[in-house]
Amino acid sequence: MRTTIEYRDGIQERKRDLVSRSDSEKSYTRKEVLTRFSEGPQSGVFTDGSARPNPGPGGWGLVFVMNGEIRKELHGYEESTTNNRMELTALIQAYKNLGGNANIDIYSDSELCVNTINIWAAGWEKRGWKRKGGPIKNLELVQELYALQQERPNVRLNWIKAHNG
């Protein structure tokens, strides 16, 4: 089940789906969101993506946070996609919005995406983008993300537990 968090910040509204135990829709200000999710890292780029149903329409989003303050938000939508494609797209957009000399942490709640880039992609590249277990799903996105990561050696990609502070 999902809850939509709506940021009320002047004339702009931002919506982001979060996993919830109820079907109800809740609305939070940015301040309420930052208070509710204040126990995690205070700086970095936080990414997320999903499709509902999976596959189906989906979206991705990211926030740049410095010292507990949201500095920038980006998001996008695709009419027909999957959870993993949206997670990868969010990470690609995070890297694209960083300069080549950036020194920052990027956080994703997709352990699959983080492991794909941090652990498996180098070996797949050496083997001509093949893996032992069959084809690599979303190969074009994996290749793009891996190339962006290689261009930004001071950016660290980290897994973070979903919706946990």
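**Helix and salt bridges**

I looked up what covers the buried residues of α4, and the list includes α2 (83-96) and α3 (111-126); contact here means heavy atoms within 4.5 Å. The model is predicted, so local features need pLDDT of at least 70 and side-chain atom pairs pLDDT 80 or more, while totals for chains, interfaces and linings use all residues. Residues are numbered from 1 along each chain as its sequence is written, and side-chain values use heavy atoms, with hydrogens and water left out.

Next I checked the helix. Helices are DSSP runs of H or I with at least four residues, strands are runs of E with at least two, and both are numbered from the N terminus. α4 covers residues 139-151. Its buried residues are L141, V142, L145, Y146, L148 and Q149 (buried is under 20% relative accessible area, exposed over 50%, partly exposed in between, with a 1.4 Å probe and protein chains only). Down the axis of α4 they fall within an arc of 160°, so they line one face of the helix; the arc is taken from the directions from the helix axis to the C-beta atoms.

Then I turned to salt bridges (a side-chain nitrogen of Lys or Arg within 4 Å of a carboxyl oxygen of Asp or Glu). I found four in the whole structure. One joins K96 and E144 at 3.0 Å, N to O. K96 lies in α2 and E144 in α4, so this pair ties together parts 48 residues apart in sequence. K96 is partly exposed at 44% relative accessibility, and E144 is partly exposed at 29%.

Conventions: The expected span of a helix is 1.5 Å times one less than its number of residues.
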